[in-house]
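Here's a quick tour of a protein model, written for someone who is just getting started.

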Number of protein chains: 2
Amino acid sequence: MPNTYLKLMDRVKDIGRLGAVEQLLDWDQETYMPKHGIQARAEQMSVLAGLVHERLVADETRALLDDAQAAPDDFVALTNLRETRRALDRAANVPTDLVREIARSASLAKDAWAIARTRSAFNEFAPHLAKLVDLKKQVADHIGYETEPYDALLDEFEPGAKSADIATLFDQLRVATVDLLKRIEGASAKPDPSILTRDYPTEQQAFLSRKMAAAFGFDFDRGRTDVSVHPFCTTIGGSGDVRITTRFSEQLLSSSLFGTMHEVGHALYEQGLRSEHAFTPMGDAVSLGIHESQSRMWENMIGRSKAFWSFHFDALKKRFPGALADVSLDAFYGAINAVKPSLIRIEADELTYNLHIIVRFEIERALISSAISVDDVPAAWNGKMTSSIGVTPPDDRDGCLQDIHWSMGALGYFPTYTLGNLYAAQFFDQAKIDLPDLFDRLARNDQRSLLDWLRTNIHAHGRRFRAGELVERVTGKPLTIEPFVNYVTEKFSDIYNL
Amino acid sequence: MPNTYLKLMDRVKDIGRLGAVEQLLDWDQETYMPKHGIQARAEQMSVLAGLVHERLVADETRALLDDAQAAPDDFVALTNLRETRRALDRAANVPTDLVREIARSASLAKDAWAIARTRSAFNEFAPHLAKLVDLKKQVADHIGYETEPYDALLDEFEPGAKSADIATLFDQLRVATVDLLKRIEGASAKPDPSILTRDYPTEQQAFLSRKMAAAFGFDFDRGRTDVSVHPFCTTIGGSGDVRITTRFSEQLLSSSLFGTMHEVGHALYEQGLRSEHAFTPMGDAVSLGIHESQSRMWENMIGRSKAFWSFHFDALKKRFPGALADVSLDAFYGAINAVKPSLIRIEADELTYNLHIIVRFEIERALISSAISVDDVPAAWNGKMTSSIGVTPPDDRDGCLQDIHWSMGALGYFPTYTLGNLYAAQFFDQAKIDLPDLFDRLARNDQRSLLDWLRTNIHAHGRRFRAGELVERVTGKPLTIEPFVNYVTEKFSDIYNL
C-alpha cells in the first residue's frame with residue numbers, strides 16, 4: 001500500500017474522530033448537559049467544527065489526495081479516495097468562519113428550539129431559524145449548484161440527489177397515497193388506535209424499549225439508550241459506540257415503542273459497519289436515505305408486522321395487563337397500523353407519513369430559494385397540513401416546532417425520510433425473495449436472518465456504492481415508488497378489507 | 001485593549017475549550033460510554049490532546065505572546081499573559097507525538113485499571129502503568145528540572161512546588177500525626193464507626209447526596225451528579241457546566257456521603273470562577289493543592305462538623321430509620337470522625353489520610369527517579385502501608401489498585417491532596433476570624449456565608465496569585481503545618497477526651 005495513501009487515511013481518520021467528538025458534544029447537549037452549559041457548548045461546537053473543516057481543506061490534505069494512488073481492483077482505497085475527494089471538493093470553497101458560525105448557531109438554536117417548543121412559541125425560535133437559513137444559503141452559494149441552491153444542501157445528506165427529481169417522485173407518491181387514503185377512509189373495517197393511548201407506565205415502556213432493541217439485535221456492549229426531547233441515533237466511536245435516544249409518554253405506547261425500533265434500525269446499520277474501516281468513508285453509511293431505509297424497515301416492515309407480534313404479543317400483554325387485557329393480537333395489529341391523518345410526523349402511520357415529509361420538503365425548499373421567509377413558516381405549515389393531510393395544528397408545538405431538524409441547520413434533510421421509505425420497500429421485496437420464509441422466521445423471534453441479510457447486502461459495503469447504485473445492485477432495478485405503493489396497498493387492503 | 005492581546009486570548013480560549021472537550025470525553029468514558037467504545041475513545045483523546053498541544057506551541061501563539069502588552073495595573077491581562085507564557089514554556093519542548101501517545105495510553109490504561117481493579121490483578125494493569133511511567137519520564141526530560149524529574153511533573157499540578165520541600169513538610173506532618181495517633185490509640189473514649197456500615201439503601205443515599213450538594217450551594221443548573229467507579233469533579237463548560245460523580249455502597253454510608261461533599265467542594269470552586277474569564281487563566285483554579293483545600297474544607301471542616309449535623313441529623317435519622325434509630329447526634333459525630341488506620345484513602349479519617357498520601361508520594365517519586373520499577377509497586381505499597389499505617393492490604397484491589405490517578409498518567413498529583421489539607425486548615429482559621437459566628441451559621445443551615453467568603457477570597461481570583469502568594473494574602477502567613485495540626489489536635493482531643 002503506497003505510503004501517501006496511508007498518510008492520507010491517517011489524516012482522514014483524525015478528521016473522522018474529531019467529527020465523532022462533535023457527535024458526543026451533541027449527544028451530551030441533548031441528554032445530560034446542565035442548563036447553563038449551553039453557551040460554552042456552542043463555542044466548543046464552533047471550535048471543533050472549525051478544526052474539522054480546516055484539517056479537511058488544508059493544502060496538505062489536497063496534496064496527499066492528489067498524490068495518493070490505488071490499485072484498480074482495490075475497492076477500499078478507491079472508495080476512500082473518491083469519497084475523500086468529494087468531501088474536500090464540497091468543503092473547499094466554504095470559509096472556516098462560516099462553518100464555525102453555523103456550528104455555534106445550531107447549538108444555540110437547538111437549545112432555543114427546545115424551550116420555544118415547550119412554550120409553543122415559534123416567534124422565540126424564528127430569529128435562530130432565520131440566521132440558520134441565511135447561513136445555509138451562504139453555504140449553498142459557496143458550494144455551488146446547477147439549478148437551485150437547495151440542491152447544494154440536499155447533496156450533503158443524499159449525495160447526487162436533485163430536488164427536481166425528488167419533487168417528481170414525491171408527486172407520483174402523493175397521487176398514489178391520496179388514492180389509497182380515500183379508499184381507506186371509505187372502508188368498513190376500522191381498526192381502533194385508541195388502545196395505544198391507555199395507561200402505559202413509563203418504567204414498563206423503558207423495559208419494553210430495551211427488550212425490543214435486544215430482539216432486533218442491538219448490541220448494548222456497543223451502544224446505549226437514553227432519553228431526549230427528540231429521539232435520535234448517533235455514532236460516537238465507530239461501530240463500537242452507537243447511541244440511541246427515545247422519549248416516553250405515559251399515555252402513548254407507540255411513541256417510545258416505534259421510536260425505539262426506528263432508532264435501533266439506524267443503530268444496527270452503524271453497528272454493522274466494518275470496524276476496520278472506522279472513521280474512513282468505507283466505514284460510513286451511504287446516505288441518509290439509505291440510513292432511513294434501515295430505520296423504517298425495522299420500525300415498519302418488522303415492528304408493525306403481524307409475524308413479529310405473533311411471537312411478542314403475549315409478553316406485551318403481560319407487561320401491560322391494565323391496558324391490554326381485553327385486546328387481541330388482531331386488534332393490536334390493527335391499532336399499530338391504523339391509518340389516520342394526524343399532526344405529528346414521527347407518530348404518523350406509514351401512509352400519511354410521506355405527506356408530512358412533502359410538507360417539510362416544500363417549505364424548506366421555498367425557504368432556501370427565498371420564495372418564503374421564516375415568518376411565513378407557521379402559516380405555510382398550517383396551510384399545507386390542512387390541504388394535504390386534512391388536519392390543522394392547534395399550535396406551533398404540534399405544528400412547525402415539532403421537529404428538531406431545522407434547529408440543527410439540517411435543511412435538505414427531510415426528503416431523505418421518504419426516500420428511505422421507498423428504498424426500504426424495494427430492499428424488503430428483495431429480502432423476501434432471498435429469505436422466502438422470512439415471516440416464519442420473524443414469528444419464531446428470528447430477526448437475525450434479516451439482519452445478516454442487511455449486513456451482507458448493505459452494511460458491509462460502507463460507502464462503496466452510491467445510493468442509486470446500491471439499490472440497483474441489491475434489487476436489480478433503479479428506485480421507483482412501486483415497491484412501496486404495492487407494500488402499503490397490500491398491507492392496508494388486508495387490514496381495511498379493501 | 002491592544003488587538004494582539006485579544007487575538008491571543010481568542011486563541012487561548014479555543015485551546016481551553018478543546019481542553020474542556022477532553023474533559024467531556026473523559027467524563028463520558030467514566031460514566032456512560034459502552035464497553036466497546038474504548039478503542040475509538042483512546043484515539044479521540046489522542047487526536048484532541050495533539051491538537052491542544054499543537055495550538056499551544058504553534059509559532060503563532062508565541063508570536064502573539066511576545067507582542068501582546070498589558071497595562072501595569074491590568075491584573076487580568078497580566079495574569080493571562082503570565083500563565084499563558086508558563087503553559088507555553090512548559091509545553092514548548094514536548095513533542096506532539098508524545099502528548100498524543102500519553103492521551104491514548106491513559107485512556108486505555110483507565111479502562112484496563114477498572115477491569116484489573118475488579119479482578120484485583122495488578123499484573124494486568126502493570127504494563128499500562130509501566131508505559132505511562134516511561135512516557136511521563138520522557139515528558140519530565142523534555143520539560144527539564146533542577147534536581148529531580150519528579151519536580152517537572154509535580155509542577156504541572158502545583159506550579160512552582162518542589163518535591164524536596166514537600167518531603168520536608170510531609171516529614172514534619174508525619175511526626176505530628178504519629179504522635180497524635182498514639183495518644184488517640186491510648187484514649188479511653190472510643191467512638192463507634194460501625195454505625196456507618198449498617199444497611200443504607202442506595203436510593204436513599206442518592207437522595208441524601210443531592211440534598212447535601214444543594215445544602216452546600218451546588219447549582220444543579222450549572223452542573224450534575226452521576227455515578228462512576230472513582231468519584232471525580234470535572235469542568236466541561238466553564239462555571240456553567242461542572243459535573244461531579246460519586247459511588248454508592250449499600251453497606252457504607254460514609255463513602256457516598258463524604259465523597260459527594262468532597263467533590264461538591266471542588267465543584268463550588270469551579271462554579272465560583274468568574275464566567276467572564278472562562279477558558280482563560282483568570283477563569284482557572286490556582287493549583288490542585290488549592291483545589292483540594294476547597295474539597296477537604298467542605299468535606300471535613302463542614303461535613304464532619306458537629307455544627308452542620310446539629311441541623312441535619314434529625315432529617316438524616318428520618319431518612320435511614322433502620323440504621324440510625326438508636327444513634328444520637330454525639331454518637332454519629334463520633335462515628336464520622338473516628339480515627340482508625342484503614343486501607344482506603346478516600347474513606348480514611350482526617351488524621352491517617354495524610355499517611356496514605358505520603359505512601360503514594362514516596363512510591364511515585366521513586367518510580368519517576370527509577371529507584372523502583374512498576375513490578376515493585378505492590379510490595380512497596382503493602383510494606384509502606386504496614387509500617388506507616390499499620391494495616392496490610394489483603395489484595396491489590398484495596399491496595400495499590402484502589403486509586404485511578406496513575407492510570408490517568410497523573411504522576412505528581414497525590415501530594416497536592418495533603419497540601420490541600422494544610423491549605424484548608426490555614427484558610428479555615430482565617431474564615432473563623434472573619435466570620436466569628438461561623439459555627440452558629442452552620443447550625444442554622446447557613447453554608448452560604450462561608451461560600452461567599454471563599455468566593456471573595458479565593459474563587460474570584462482565578463489564577464491571579466500562585467498558591468503560596470494566595471495563602472499569604474488571605475491568611476497573612478506562609479503555609480505551615482501548624483493550623484492543620486492544631487485543628488486535628490483540638491478536634492480529636494474533644495472527641496477522644498485527650
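Let's start where two helices from separate chains meet: H1(A) and helix H2 (residues 38-57) of chain B pack at an angle of about 100 degrees, with their axes 9 Å apart. That makes H1(A) roughly perpendicular to H2(B). Keep in mind that this is a predicted model.

**Where the chains meet**

- On the H1(A) side, the contact with H2(B) uses A:Asp14, A:Arg17, A:Leu18, A:Ala20 and A:Val21. H2(B) answers with B:Ala40, B:Glu43, B:Gln44, B:Val47 and B:Leu48.
- Sorted by class, this helix pair brings together 6 nonpolar, 1 polar and 3 charged residues.
- Zooming out to the whole contact between the chains, you'll find 33 residues from chain A and 33 residues from chain B.
- Which parts of chain A each supply at least two residues of the side that touches chain B? Helix H1 (3-31), helix H2 (38-57) and E1 are the ones to look for in chain A.
- That side of chain A splits into 15 nonpolar, 8 polar and 10 charged residues.

**The sheet in chain A**

- Chain A has an open sheet of 3 strands in the order E1-E3-E2, and its pairing is mixed.
- E1(A) runs in the parallel sense with strand E3 (residues 242-246) of chain A, and the two share 5 bridges. To find one of the linked residue pairs, look for A:Asp226, whose bridge partner in E3(A) is A:Thr245.
- Helix H10 (residues 253-272) of chain A packs on the sheet and touches E1, E2 and E3 of chain A. The direction of H10(A) makes about 170 degrees with that of E3(A).

- A:Pro231 is in the loop between E1 and E2 of chain A.
- Is A:Pro231 buried or exposed? There are 23 other C-beta atoms within 10 Å, so A:Pro231 counts as buried.
- A:Pro231 and A:Thr245 are 14 residues apart along the chain, yet their C-alpha atoms are separated by 4.9 Å.
- Setting aside neighbours within four places in sequence, A:Pro231 is in contact with A:Thr245, A:Thr246, A:Arg247, A:Gly259 and A:Glu263.

**The sheet in chain B**

- Over in chain B there's an open sheet of 3 strands with the order E1-E3-E2 and mixed pairing.
- E1 and E2 of chain B are the edge strands, each with a single partner, so one side of each lacks a neighbour in the sheet.
- Strand E1 (residues 223-227) of chain B pairs with E3(B) in the parallel sense over 5 bridges. Here B:Gly223 has B:Val242 as its bridge partner in E3(B).
- Strand E2 (residues 233-235) of chain B pairs with E3(B) in the antiparallel sense over 3 bridges. B:Thr234 stands opposite B:Arg243, and B:Thr235 has B:Val242 as its bridge partner.
- E2(B) and E3(B) form a hairpin with 6 residues between them, and B:Gly238 in the turn has a positive phi of about 60 degrees.
- Strand E3 (residues 242-246) of chain B is mostly covered, with 5 of its 5 residues buried. B:Val242, B:Ile244 and B:Thr246 point one way, while B:Arg243 and B:Thr245 point the other way.
- Helix H1 (residues 3-31) of chain B lies across E1, E2 and E3 of chain B, running at about 145 degrees to E2(B).

**Helix H17 of chain A**

- Helix H17 (residues 415-434) of chain A has 20 residues and reaches 29 Å from its first C-alpha to its last, close to the 28 Å expected at 1.5 Å a residue.
- Of those 20 residues, 14 are buried, so H17(A) is largely enclosed by the rest of the structure.
- The axes of H17(A) and helix H21 (residues 482-496) of chain A come within 7 Å and cross at roughly 80 degrees, which means that H17(A) is roughly perpendicular to H21(A).
- The residues in this contact include A:Leu422 and A:Ala425 of H17(A), along with A:Phe484 and A:Tyr487 of H21(A).

Terms used. Residues are numbered from 1 along each chain as its sequence is written. Chains are lettered from A and ligands numbered from 1 in the order in which they are written. This is a predicted model: local features need pLDDT of at least 70, side-chain atom pairs count only at pLDDT 80 or more; totals for chains, interfaces and linings use all residues. Two strands pair if DSSP finds at least two bridges between them. Helices (H or I, at least four residues) and strands (E, at least two) are DSSP runs, numbered from the N terminus. Two residues are in contact if their C-beta atoms, placed from the backbone, lie within 7 Å. Axes are lines fitted to C-alpha atoms, for helices over the stretch in contact, and angles run from 0 to 180 degrees between N-to-C directions. Ala, Val, Leu, Ile, Met, Phe, Trp, Tyr, Cys and Pro count as nonpolar, Asp, Glu, Lys and Arg as charged, and the others, Gly among them, as polar. The expected span of a helix is 1.5 Å times one less than its number of residues. A residue is buried if 20 or more other C-beta atoms lie within 10 Å of its own, exposed if 12 or fewer, and partly exposed in between; C-beta atoms are placed from the backbone. Angles under 35 degrees count as roughly parallel, over 145 as roughly antiparallel, 65 to 115 as roughly perpendicular and the rest as oblique.
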